[in-house]
Amino acid sequence: MTLHISETVFSPWLTPVRLVSTTNIVGTYYNGPNNNGVNATFTIAATSLTIDSVKVNVGDRILLQTQTSSLQQGIYLVKFIGTNIVLQRADDQQNIEQLKPGEYISVGAGTVYAGSFYTLVEPIPQVIGKDPLIYDAISTAGEVILPTIAGDIAEFNDVNGTLIDSGITAA
């Protein structure tokens with residue numbers, strides 16, 4: 001299996017996507033073979049898709065942020081473009097254990113939303129694809145500020161979000 005940089009997540013608190021859709025995309029949602037969000041797909045009856053003035057490519061990570069049915073929201077990977085377009089929930093966003101309330105989603109491309117951030121807010125759904133996933137926009141990238149500990153930059157120590165002193169003095 002070959003991974004593209006767009007499929008790689010470097011931090012459990014910062015998840016990159018190429019594009020964010022801030023309008024409803026019409027399609028057919030399938031919640032996976034066990035009806036739990038794992039391998040869930042979203043199929044769009046189209047041969048191409050443009051989000052925020054950017055044509056979508058196979059391998060792109062996309063945040064569906066404003067679906068009419070909020071259970072469809074989430075981060076997807078474009079798996080197929082042909083007679084239709086198939087999006088699949090990203091491997092790192094398919095189950096409750098992977099979702100972190102407060103995690104940031106950074107957007108890399110788009111005419112309007114490139115450089116913007118979103119955050120996953122509570123409550124986390126009991127079952128992905130059956131309960132809503134809510135992502136709120138952060139108005140500017142300048143609002144993403146790491147806290148400081150006694151004048152030093154804080155560093156995340158573990159997957160629970162524990163902060164420790166990094167030893168790096170804040171400017």
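## One residue and its surroundings

Modeller: In this predicted model, threonine 41 touches Thr28, Tyr29, Tyr30, Val86, Leu87 and Gln88, when residues up to four places away in sequence are not counted. Threonine 41 belongs to strand 4, which covers residues 41-44. Its relative accessible area is 18%. Buried means under 20%, so threonine 41 counts as buried. Threonine 41 and glutamine 72 are 31 residues apart in sequence, and their C-alpha atoms are 9.4 Å apart in space.

Two of the residues just named deserve a description of their own. Glutamine 88 lies in strand 9, residues 85-89. With 15% relative accessibility, glutamine 88 is buried. Its side chain makes a polar contact of 2.8 Å with the side chain of asparagine 39. Beyond its neighbours within four places in sequence, glutamine 88 is in contact with Asn39, Ala40, Thr41, Ile75, Tyr76, Leu77, Lys79 and Gln94.

Glutamine 72 is placed in the loop between strand 7 (61-64) and strand 8. Glutamine 72 is buried as well, at 13% relative accessible area. If neighbours within four places in sequence are set aside, its contacts are Tyr29, Phe42, Leu64, Gln67 and Arg89.

Two aromatic pairs are found in a search of the whole structure. In one of them, the ring centres of phenylalanine 42 and tyrosine 76 are 6.3 Å apart and the planes stand at 50°, so the pair is tilted. Because phenylalanine 42 is in strand 4 and tyrosine 76 in strand 8 (residues 74-81), the pair ties together parts that are 34 residues apart in sequence. Phenylalanine 42 is buried at 0% relative accessibility, and tyrosine 76 is buried at 0% too.

The other pair is formed by tyrosine 104 and phenylalanine 117; the centres are 6.2 Å apart and the planes stand at 85°, so this pair is edge-to-face. It links distant parts of the chain, with tyrosine 104 in strand 10 (residues 104-107) and phenylalanine 117 in strand 11 (residues 117-121), 13 residues apart. Tyrosine 104 is partly exposed at 27% relative accessible area, whereas phenylalanine 117 is buried at 15%.

Four strands form an open sheet in the order 1-10-11-12, with mixed pairing. Strand 1 and strand 12 (134-138) stand at the edges with a single partner strand each, so one side of each has no neighbour in the sheet. Direction ignored, neighbouring strands of this sheet are turned by 30° against each other on average.

Strand 1 and strand 10 run parallel and are joined by four bridges; here valine 17 stands opposite valine 107 in strand 10. Strand 11 and strand 12 run antiparallel and are joined by five bridges; phenylalanine 117 stands opposite isoleucine 138 in strand 12.

How values were computed. Residues numbered from 1 in each chain as written. Predicted model: local features only at pLDDT ≥ 70, side-chain atom pairs only at ≥ 80, totals over all residues. Heavy atoms only, no water. Helix = DSSP H or I, 4+ residues; strand = E, 2+ residues; numbered from the N terminus. Buried < 20%, exposed > 50% of the residue type's maximum accessible area, 1.4 Å probe, protein only. Contact = heavy atoms within 4.5 Å. Phe/Tyr/Trp six-rings, centres within 6.5 Å; stacked < 30°, edge-to-face > 60°. Polar contact = N/O pair within 3.5 Å; in protein donor to acceptor, adjacent residues only side chain to side chain. Pairing = 2+ DSSP bridges. Axes fitted to C-alpha atoms, helices over the stretch in contact; angles between N-to-C directions.
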